[in-house]
Amino acid sequence: MSMHVARHWRETPERYRMEAAKCKKCGGIHFPSRLICPDCGTREFETIRLAGKGELVTYTIIRVAPTGFKDLTPYAVGIVKLDEGIQVMGQVVDCNPEQLKVGDRLVTQFRRINEEGKTGMILYGYKFVPDVGL
Amino acid sequence: MKEVAIIGIGMTDWGELWLKSLRDIAVEAALNCLDDAGVAKVDAITIGCMSGGLFNAQEHLGSLVADYLGQRFVPATRVESACASGGLAVKTAYMEVASGLAEYALAIGVEKMTDVDGNEATFALATAADQDYEAFHGITFPGLYAMMAHAHMKKYGTTLEQLSQVTVKNHDNGSMNPHAQFPCKFTLEQVMNSTMVADPMRLLHCSPITDGGAAVLLTTVEVAKKLNKPYAVITGIGHATDTIALAQRKDLVKLEVVEQAAQRALKMAGKTIKDVNFAEVHDCFTIAEIMVMEAIGLVKPGQAGPAVMDGLTALTGKFPINPSGGLKSKGHPVGATGVAQVVEAVAQLRGEAGKRQVKNARIAMTQNMGGSGGSSIIHILEARS
């Protein structure tokens, strides 16, 4: 479904820069950012940037893809526990998905995610790749 | 609060209903229900439908359904909680009766999913996930449950065979359900070798796309007693929510939302899981049934897979699960599922389930789930005559 550009534009801090909200009271980190801390109820946060590095917690290999992702199949999507302690979902690329293992070290890279049809927006964000220490 | 009884149940056949529209399906299920109860006019209608907008380009279902059901001017409320919309419709109807606002409240669940092609249907279903941080990355619903399955297998050693036995069992049951979309049986080998959809979830671990409707009529126990026929009483309701995004759950191998809802429902009914005789649960993917068994406290964490292999949840087992065939065999018209679970539970409690009748069915649990476990609604129902 094609949306107004603002629908995606407003997610730029999270998708392009991996900005998260750190609770000023309990220190909990939230990604994407929130207006109220679900743990302590505080409404004051500072913006931090996640390093995008972490460990694969679980994953799947998508064989039947939604519209816009069909040319990528088979592709892996995983949940990664970042070193900051929070979990984030994303595609895992630049690897053989059959050889992925829980516990693999991964790092985010800025990639093209999808496009909203031939005349819609081209959407960018993060994907995970193997962390080879570059 | 008044005590609430279910005095009527009705369904349509489930499947690809090319000649029937959204309104036809809702009305047919409702009329079957009203005929079963012998009631012509109701005081309130609740409608569970996940996405008339995306599946049929039709919203404002309260007006549409009340009108075509011949109940103009009756207050009708459409409720939504993704795939748990049906369970929510039953809960909302309960609130209408328990509060005294309505004497007869009709809960209808409906979804007409084949008016759009498979891609559009997949898109509509994916709106139950976090659009900006899950669907955005190309994840699908089979994929979300596959990630839970993978984690469950890793932590507890749950096997492909155990996940597949859930399918075999539910199709065995569904083969005896005249309303089921796929009343066919499968062998363990057929399930384990079916096409991979999202590793480790294969095609025969996934519920289908279905058109269908279901309805139940609620009134006070006081009124039900005067009807001189068997009825069921809703003695417990548990409704809970959790994070919409799977990644934000603290424990990926536990459906905490189901645990919370089950504890609330059982507490309200004054029962423990040991008092319950059977359950209809939300097996949208077979891993869901496994994880629900653990979350409702039927077995310890990690023990559901072996319990399924031992026959605990078979129709002749100690705690039959999904005697109807479940979402897997009966079908999964998302908004209708939660109501149909209650329809099956009441049919069983009335002793009218035919070949798939559970023996000594006196207390039932129905568990309906939204998204990847972002919401769940559980009902405890008890037989009365």
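This note goes through a predicted model with chains A and B, point by point.

1. Chain A and its elements. Chain A has two helices and eight strands, and, read from the N terminus on, these elements run α-α-β-β-β-β-β-β-β-β. Along its principal axes, the C-alpha trace of chain A spans about 45 × 40 × 25 Å. Of the 134 residues of this chain, 31% count as buried. Among the contacts in chain A with a separation of 6 or more, 47% are accounted for by residues 24 or more positions apart.

2. A sheet in chain A. Three strands of chain A form an open sheet in the order S2-S1-S3, and the pairing is antiparallel. Its edge strands are S2 (29–30) and S3 (45–49) of chain A, each of which pairs on one side only. Strand S1 of chain A, residues 19–23, is joined to S2(A) by two bridges, and these two strands run antiparallel. To find the pairing in the model, one can look at Ala21(A), which stands opposite His30(A) in S2(A).

3. Two cis peptide bonds. In chain A, the peptide bond from Thr73(A) to Pro74(A) is cis, with omega near -10 degrees, and Pro74(A) lies in the loop between strand S4 (53–62) and strand S5 (75–82) of that chain. In chain B, the peptide bond from Asp199(B) to Pro200(B) is cis, with omega near 5 degrees. Pro200(B) has its place in the loop between S5 and strand S6 (201–202) of chain B.

4. Positive phi values in chain B. Ala57(B), a residue other than glycine, has a positive phi near 50 degrees, and it lies in the loop between helix H2 (52–56) and helix H3 (61–68) of chain B. Asn322(B) is not a glycine either, yet its phi is positive at about 60 degrees; this residue is found in the loop between helix H12 (304–309) and helix H13 (326–330) of chain B. Is each of these residues buried or exposed? Ala57(B) has 10 other C-beta atoms within 10 Å, and because 12 or fewer count as exposed, it is exposed. Asn322(B) has 27 such atoms within 10 Å, and because 20 or more count as buried, it is buried.

5. A covered helix in chain B. Helix H11 of chain B, residues 286–295, is mostly covered, with ten of its ten residues buried. The buried residues include Ile287(B), Ile290(B) and Val292(B), and also the charged residues Glu289(B) and Glu294(B). What covers the buried residues of H11(B) includes H6, helix H7 (160–174), helix H10 (256–269), H12 and strand S10 (363–370) of chain B. Just after H11(B), Gly297(B) takes a positive phi of about 90 degrees.

6. A crossing of two helices in chain B. The axes of helix H4 (residues 85–98) and helix H14 (residues 334–349) of chain B come within 5 Å and cross at roughly 55 degrees. Among the residues that make the contact are Gly86(B), Gly87(B) and Leu88(B) of H4(B), and Gly335(B), Ala336(B) and Val339(B) of H14(B). By class, the contact has eight nonpolar, six polar and no charged residues.

7. Two domains in chain B. The domain assignment of chain B gives domain 1 (4–118 + 210–225) and domain 2 (130–207 + 235–384), and the C-alpha centres of these domains lie 23 Å apart. Their contact takes 34 residues from domain 1 and 29 residues from domain 2 of chain B. On the domain 1 side, strand S1 (4–11), H4, strand S4 (105–112) and strand S7 (211–220) of chain B each supply at least two residues. Which of these elements gives the largest share? H4(B) does, with eight residues. By class, the domain 1 side has 20 nonpolar, ten polar and four charged residues.

8. Where the chains meet. In the model, 26 residues of chain B are in contact with 26 residues of chain A. The elements of chain B that give two or more residues to the side touching chain A are helix H5 (118–126), helix H6 (141–156) and strand S5 (196–198). H6(B) gives the most to this side, with six residues. The residues of this side of chain B divide into 14 nonpolar, eight polar and four charged.

Note on methods:
Residues are numbered from 1 along each chain as its sequence is written. Chains are lettered from A and ligands numbered from 1 in the order in which they are written. This is a predicted model: local features need pLDDT of at least 70, side-chain atom pairs count only at pLDDT 80 or more; totals for chains, interfaces and linings use all residues. Two residues are in contact if their C-beta atoms, placed from the backbone, lie within 7 Å. Helices (H or I, at least four residues) and strands (E, at least two) are DSSP runs, numbered from the N terminus. Two strands pair if DSSP finds at least two bridges between them. Axes are lines fitted to C-alpha atoms, for helices over the stretch in contact, and angles run from 0 to 180 degrees between N-to-C directions. Domain bounds come from an automatic or database domain assignment.
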